[in-house]
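Subject: Structure handover

Hello,

Please find the structure below. My notes on it follow directly after.

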Amino acid sequence: SCRWVASSFGSLHRVPLPAPPEVMAPFFRGALPLCCLAGSVARAEQVSEPLQASRLEAVRAAVQPVLDEMALKHNTSFSFGFTEASGSLPLAAGVHDPWAQKRLTPTTPVPLGSVTKPWTALRVMQAVERGVLSLGDLAADWIDPVLQRLYGDGGDIPAPLHVKNVSLVGLWGLQAASVTVGDLLSMQSGFADYNDTQIMDWTIRHGGEDMPPWGYVVSASQAGFVCAPRTCATYSGTNYVLLGFLVVQVEGLFSWQDLDQLSVIPRDLWRSGRYRFTSFPKLGRCLQYPGFAHQFAAYQDPTASAQQMYFNDLIHDSCLNGWTMGNVASTGGDLANFFYDIFTLAPTGRGFVNSTTLEAMMQWKPLIDKWCFGPRGPGSCRYGMGFFRDQIFQDFFPTKNPFTDREAIRLDGHPGEDWGSSASMCGYNKHFNFGTCLAMTSTMGMNCSVPAHVNEAAGAEVTCKVYDAVLSVVGGPRLRCFSLPALGVAMKCAWGNETPAALGRRPMERVAAKSMQGHFFEAEEPADGASEIVV
């Protein structure tokens, strides 16, 4: 077999791309459509202490073996968290840095993409609660002054991002004048999303350089509208980049780099050390942020004569990830705390937002995006304001009993995916009063001793089995999980731990790519004459 040496840790101390259709199909054949702790901040501080609780011990006993097994099977690593009234349980398994054989620990931050959106949405809603902002305000009134201040003279941005009219109307046309703050939050602006493939390609070609938030906005504007404002809901990360610029203006800041995203955390929770392993990186490579996990982007190796996957270690690439739409780096444990705190502290008025605000954030709109698998197949997910609903393997799961109460397994939260990592089943279970999250340091399995379809289904398999283990402890409905048979030709792979240099520059040294088929993986020294891989 081909796997990294994997081990596990655990202590009791405190939008993602869909799976391929062939992986999802078994769950929709014959499937039926979907027909509190009041606490205080003092309570939240209490649960961050090392507590011995029988249910926490039971969750550890049920989940840790699954994490260990899946880390070995899929040659990747996981960060998990479970939080309830009695305490918090962070766990981890697998090796995240194969070059130095470093294991992922429960305190290792992982860049996790769109899990950033609830943090941004809460920041906006806090301003609404203070009365300085209204959901009905025209977005341009808040955003245009920032765009014109930062980019009106062209600014220090790549030439393709220059536009003549730096405003929402200048970018999208007259329809953009009617877009409101609430439209951005609820994905009802009608704006198309940015070109993810092009921005990923640019980022990997320009190791150590950052695609500014403005780049995502310009990219999305070039795609125009999917629908007129408020006539549909369509997922676009650019809405949340624009909300970042809005917060800059609301808070009287000059530049997007001046925004402290951690200041969304209520003061008492911050003082309690509740989110010690969460940060929001800005400029610079992920390597420049101490302790960040290695994460691996997967794409076809263009230098190979036969079909071969290339796994590129993104530690040498930008960690900005679209700023307020995707730059959170955190752990499963911290994110379990986060979603638990949002919902259990809301009734006290001493949490992130109050109950009235939280209820408004959970008014669901149907998404038209076909990539999002829900209870009725493609295109049946919903979105609130910073919260997802009805996404497969986030809050909707196949169950052994098709007539079970699906609200008992519902997780109110948000998934995430970076180019080289992912997070799912991230949210709060109201029925059993707990928060949970599972993070993965790749977007697919990386075991090159098995066929590609086994690796492609890794995220769905692991998420289902981990959540089923949690539900087995709390007394919830059991899930119908799967393991695809490893039949077929093993996937061929190559690896690199250094981002290719920009075209036309002296190539960076990197560890030579190595064929992974049928071998254990071990770190190697750079080979003489190692060729640069350019994507």
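Asp 468 is buried, at a relative accessible area of 11% (buried means under 20% relative accessible area, exposed over 50%, partly exposed in between, with a 1.4 Å probe and protein chains only). Its salt-bridge partner is Arg 478, and the closest N and O atoms of Arg 478 and Asp 468 are 2.8 Å apart; a salt bridge here is a side-chain nitrogen of Lys or Arg within 4 Å of a carboxyl oxygen of Asp or Glu. Arg 478 is partly exposed, with a relative accessible area of 37%. Helices (H or I, at least four residues) and strands (E, at least two) are DSSP runs, numbered from the N terminus.

This is a predicted model, in which local features need pLDDT of at least 70 and side-chain atom pairs count only at pLDDT 80 or more, while totals for chains, interfaces and linings use all residues. Residues are numbered from 1 along each chain as its sequence is written, and side-chain values use heavy atoms, with hydrogens and water left out.

The structure holds 14 salt bridges. In one of them, Arg 230 pairs with Asp 183, with the closest N and O atoms 2.5 Å apart. Arg 230 is in the loop between α9 (213–223) and α10 (238–250) and Asp 183 is in helix α7 (residues 181–185), so this pair ties together parts that are 47 residues apart in sequence. Asp 183 is buried, at 4% relative accessible area, whereas Arg 230 is partly exposed, at 42%.

Another salt bridge joins Asp 390 and Arg 410, whose closest N and O atoms are 2.7 Å apart. Both residues lie in the loop between β14 (388–389) and β15 (412–413), 20 residues apart. Asp 390 is buried at 3% relative accessibility, and Arg 410 is buried at 6%.

The other topic is strand β18 (residues 434–440), where seven of seven residues are buried. Phe 434, Thr 436, Leu 438 and Met 440 point one way from β18, and Gly 435, Cys 437 and Ala 439 point the other way. Strand β2 (residues 78–84) runs antiparallel to β18 and is joined to it by six bridges (two strands pair if DSSP finds at least two bridges between them). Ser 79 has Ala 439 of β18 as its bridge partner. Strand β17 (residues 422–429) is also antiparallel to β18, again with six bridges, and Ser 422 is partnered with Met 440.

Regards
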